[in-house]
Amino acid sequence: MIAKRRPLRVGDLDIRTPLLLPSFSSKGFPKVSKILRTMEEYIADELLVSAYDVYYGEIDPPFDFSSLIFLDSGGYEASKENELSETFEGEHIPRIWTYELYLQVVSQWRSLSPTIFVSYDHPKQRMLIADQIARAKEIPLPVGNHGRSLLIKPETEDSKRLHLDRITPSLRYASGFSVIGITEKEIGNSLLSRMLNVARLRVELDKVLPDIPIHVFGSLDTISTYLYYLAGADIFDGLTWLRYAFHDGDTIYRHSFGAMNLPITTNSDVVEGRCWSNNYQYMQEMRLNMIKFSVDGNFEHFGKHSSLIKRAYQSMSAELVGG
């Protein structure tokens with residue numbers, strides 16, 4: 001079975017996947033610092049924050065309330081590109097973001113929590129896969145139980161997709177990383193193609209780096225997260241949990257969640273906060289559902305949409321065998 005629990009090695013620590021990361025970003029969330037302070041009361045496990053936001057003072061480390069921190073490279077905030085779930089009100093204007101600024105954030109990192117440092121990327125600074133690996137290995141890690149994540153990006157500024165035939169030859173050089181990452185948007189142009197490419201990447205990685213976790217950046221909702229897990233991915237993050245509400249297998253508008261679960265006189269700010277805390281708990285339940293599936297292979301653990309999820313998995317499996 002391609003979906004299973006895998007060890008995430010961070011320094012001398014071993015953490016078990018799957019992991020669903022509540023993510024925070026100033027892109028689309030100008031009050032990200034307030035949101036983070038609100039959620040400190042609830043979050044005791046893993047989270048993802050951006051080095052870009054740390055540098056520009058949008059959020060303040062050390063985030064030691066978290067058991068494991070993923071420090072994203074800032075490429076998302078430095079670009080005008082969006083996630084598949086994005087709903088912007090107004091134009092995002094990126095500020096200057098360079099490799100040197102990223103290294104400055106890393107060198108000044110003082111969090112006591114174990115940290116995974118995601119390799120630097122910028123939408124206007126593309127390079128060959130082998131060069132991405134080499135640069136990511138050069139990032140000097142602070143003292144402590146920390147690790148590196150290799151976020152694989154397209155090789156040219158004009159390319160919108162990752163191509164496995166370009167990635168596979170370089171994977172043998174990717175030792176020393178705790179995680180291999182790709183973005184949901186760049187790994188395919190449909191749910192099925194993304195599942196297939198994640199599964200193919202899983203197969204190729206297991207030939208040279210057995211059971212290294214795959215992180216799908218920008219994917220965290222009530223259905224596609226399960227699908228990528230079944231394809232062999234292990235770590236998931238995204239901002240959907242801040243934009244919408246998770247409810248009974250669906251990802252719905254926050255005001256609809258409020259209407260269904262709170263008095264209609266409830267202030268919108270209160271509804272918003274309740275959505276965030278609900279979504280965080282929902283993500284914990286999703287993680288448990290994945291773990292239970294890894295034990296017995298029963299699709300019923302995925303709840304209301306289990307039949308849909310099973311059919312998608314069967315379609316992926318048939319394509320893999322046929323291909």
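In strand 10, Ile 235 is the bridge partner of His 215. Strand 10 covers residues 235-238, and strand 9 pairs with strand 10 in the parallel sense over two bridges. Two strands count as paired if DSSP finds at least two bridges between them. Helices (H or I, at least four residues) and strands (E, at least two) are DSSP runs, numbered from the N terminus. The structure is a predicted model, in which local features need pLDDT of at least 70 and side-chain atom pairs count only at pLDDT 80 or more, while totals for chains, interfaces and linings use all residues. Residues are numbered from 1 along each chain as its sequence is written, and side-chain values use heavy atoms, with hydrogens and water left out.

An open sheet of eight strands runs in the order 3-10-9-8-7-6-5-4, with parallel pairing. Strand 3 (19-22) and strand 4 (46-50) stand at the edges; each has a single partner strand, so one side of each is left without a neighbour in the sheet. From one strand to the next, the twist averages 25 degrees. For such angles, axes are lines fitted to C-alpha atoms (for helices over the stretch in contact), and angles run from 0 to 180 degrees between N-to-C directions.

With strand 7 (residues 146-151), strand 8 pairs in the parallel sense over three bridges, and Gly 181 in strand 8 is the bridge partner of Leu 151. With strand 9 (residues 214-217), strand 8 pairs in the parallel sense over four bridges; here Ile 214 in strand 9 is the bridge partner of Ile 180. Between these two strands the chain crosses from strand 8 through helix 6 (residues 191-208) to strand 9, and this β-α-β crossover is right-handed. A crossover is called right-handed if, with the strands pointing away from the viewer, the path from the first strand over the helix to the second runs clockwise.

Why is strand 8 largely enclosed by the rest of the structure? Five of the five residues of strand 8 (residues 179-183) are buried, so the strand is largely enclosed. Buried means under 20% relative accessible area, exposed means over 50%, and partly exposed lies in between (1.4 Å probe, protein chains only). In a regular strand the side chains alternate between the two faces of the sheet. Both faces of strand 8 are covered: Val 179, Gly 181 and Thr 183 are buried on one side, and Ile 180 and Ile 182 on the other.

A separate pairing involves strand 1 (residues 7-10) and strand 2 (residues 13-16), which pair in the antiparallel sense over four bridges. Arg 9 stands opposite Asp 14 in strand 2. The two strands form a hairpin with two residues between them, and Gly 11 in the turn has a positive phi of about 65 degrees.

Next come two polar side chains. Gln 132 is found in helix 4 (residues 129-138) and is buried, with a relative accessible area of 9%. The side chain of Gln 132 has a polar atom 2.9 Å from the backbone oxygen of Met 127, and also reaches the backbone oxygen of Lys 153 at 2.9 Å. A polar contact is a pair of N or O atoms within 3.5 Å; within protein, one must be able to donate a hydrogen and the other to accept it, and residues adjacent in sequence count only if both atoms are side-chain atoms.

Ser 294 has its place in helix 10 (residues 268-296) and is buried at a relative accessible area of 19%. The side chain of Ser 294 reaches the backbone oxygen of Ile 291 at 2.5 Å. The C-alpha atoms of Ser 294 and Lys 4 are separated by 5.1 Å, although the two are 290 residues apart along the chain. Leaving aside neighbours within four places in sequence, Ser 294 is in contact (heavy atoms within 4.5 Å) with Met 1, Ala 3, Lys 4, Arg 5 and Tyr 229.

Finally, the structure holds 16 aromatic pairs. Rings of Phe, Tyr and Trp (its six-membered ring) pair if their centres lie within 6.5 Å; planes under 30 degrees apart count as stacked, over 60 as edge-to-face and the rest as tilted. Tyr 52 and Trp 97 form an edge-to-face pair, 5.6 Å centre to centre with 65 degrees between the planes. Both Tyr 52 and Trp 97 are buried.
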